Amino acid sequence: MNQTYGIAGVSAVVLATALVGALGLRISRTTSDFYVASRTVAPRLNAFAVSGEYLSAASFLGIAGLVLAQGVDMLWFPIGYTAGFLVLLAYVAAPLRRSGAYTLPDFAEARLESRAVRRIAGVLVVGIGWLYLLPQLRGAGLTLRLLTGAPGWLGGLVVAAVVTAAVAAGGMRSITFVQAFQYWLKLTALLVPVVFLLLAWRSDHAPAPVWDDRPVFHRSTEVRVDHALTVTVREPVRVTGVSGTVDGRTPKGGTLRLTEGRHRIGAHTNLRFPAGAPVPLPDGGTAGAAPSSWAQPQSPHREQHGLYATYGLILATFLGTMGLPHVVVRFYTNPDGRAARRTTLIVLGALGAFYLPMPLYGALARLYAPDLLLTGDTDLAVLVLPQRLIGGVGGDLLGALLAGGACAAFLSTASGLTMSVAGVLAQDVLPALGLRHFRAAVVPAIAVPAAAGAFVGELPVADAVGLAFAVSASSFCPLLVLGIWWRGLTPPGAIAGLLLGGGSALTAVTATIAGGARSGWPHTLLAWPAVWSVPVGFAAMVLISLATRDRVPPGTAATMARLHLPENSGLPGTSGAGG
């Protein structure tokens, strides 16, 4: 990608973000403006803001990368991301809006009349927010590295600085306008290039990816390996050009033949492969592990315990959406429960439109960018395709558009996450000085994950987001569903469910990121905890609540009426439900 065009695209997005955010700054004056935009955001604007906030680096970059590497099973990610809003629409959206709360800890305290539940919910909001921010900052680092060659941590630092300024300046009012604008920018950045990519594919005689075998190089391709890695070769591979070291030696004449087995490629080595050569894969890679594994759903060869992992992904994404703090807080900005439902319906359509081209990007990358499987940079698939298929000024312009869209993905999701985490920190950790402490809370809300990003392993972006969904599904899904629909929930039950469900999922996620178990059932159970941690959370809340029936909060009847009766019903317990 041409660096000048790419940097110009990203700079334009940052400038537009600042200008649109300034509009919100001019009308943000009160605490309610900062936290929930005074609860006056219309359904359509709010829906596009929700979509802009929700469609993160995992959606813009990660899904195509996973489809490239692991095949059609990875399409459960966009299905789950979208279907989660259907569950939210059916069970949570309107009652949550009627609760009149600012944050999830506010809802927990109002429903259960317990400061202890509020504190635990606050810790989990912060933990989920920070866990979700990690892949956003990693995606920013990948994009900036591709554009400029700068180290990955610098991209995360740039995004952190821009987000800090935007959130601290205008709060929710400002972020609403920014995120709605960024949704349309991201949608345009995906749909326009894919049209030209498909035309270029057609002009190349519409070759089909190698569906039933290991990936191969469609064209003569030069691959640069920046970091030393070990690859596994399953059949002899001819390399027509080498600059660097392979197996500790510099090949004579600049050519070599990689025999079957494992080979060590040194850092800063360039390799040129001829058309039709199979792609050597790094050790531990799953892409193309066996014939028919890429295009065949639930292939027995793709991954150990693949069916279990699929159910873990489905549960995490279907149930985790309703507990994501940066998504839930958006429903507090609607005027009433009916507007919250309308917002969710529009979101379903907006997400569906966004995810339509993702399988195309993944399949085209399998065909034209299989070298990303060798280097491990599969999250860059979307960004490199214009140059691979089109090239020239046209490819540079489309690449710049995609880079700008990727930048919008980082900024919009990071802004929403920072907003939700800072809101909890300001209310529960720095509660005395109102807006001044909200602005102060923005700094640790983004600085902690930015610093942690330098120490965690490099999980694929979409996989890392999936872990955040698992923690959300295991903690806030039981709290919201039971808190809204079951009068018998008690504070001890809620605490037990949050600690056992959310705590166990968070422990499993931490172990996965830290590189704990790497194979077998221990790895599968830790990497996809939702299958067991969600039932644990629900069971703990129900059983402990049944054992402590005498601890049902005295105001439960009034609270339940507030959650379920229309705001204008005029019945006892519903007055002021709109906040």
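Contact here means heavy atoms within 4.5 Å. By that criterion, residues 24 or more positions apart account for 83% of the chain's contacts with a separation of 6 or more. This is a predicted model, in which local features need pLDDT of at least 70, side-chain atom pairs count only at pLDDT 80 or more, and totals for chains, interfaces and linings use all residues. Residues are numbered from 1 along each chain as its sequence is written, and side-chain values use heavy atoms, leaving out hydrogens and water.

The chain has 22 helices and eight strands. These are DSSP runs numbered from the N terminus: helices are H or I with at least four residues, strands E with at least two. Of the 579 residues, 58% count as buried, that is, under 20% relative accessible area with a 1.4 Å probe, protein chains only.

Now to one helix pair. The axes of H5 (residues 76–91) and H12 (residues 337–355) come within 9 Å and cross at roughly 170 degrees. Axes are lines fitted to C-alpha atoms over the stretch in contact, with angles from 0 to 180 degrees between N-to-C directions. H5 is therefore roughly antiparallel to H12, a label for angles over 145 degrees. H5 contributes Pro78, Tyr81, Thr82, Phe85, Leu86, Leu88 and Leu89 to the contact. H12 brings Arg341, Thr344, Leu345, Val347, Leu348, Leu351 and Tyr355.

Next, the core. A nonpolar core is a set of buried Ala, Val, Leu, Ile, Met, Phe, Trp, Tyr and Cys residues joined through side-chain atoms within 4.5 Å. The largest has 165 residues; Phe60, Tyr81, Phe85, Phe273, Tyr361 and Leu479 touch the most other members. Beyond its neighbours within four places in sequence, Leu479 contacts Phe107, Ala108, Leu112, Leu489, Ala494, Leu498 and Met541.

Definitions and conventions:
Angles under 35 degrees count as roughly parallel, over 145 as roughly antiparallel, 65 to 115 as roughly perpendicular and the rest as oblique. Buried means under 20% relative accessible area, exposed over 50%, partly exposed in between (1.4 Å probe, protein chains only).
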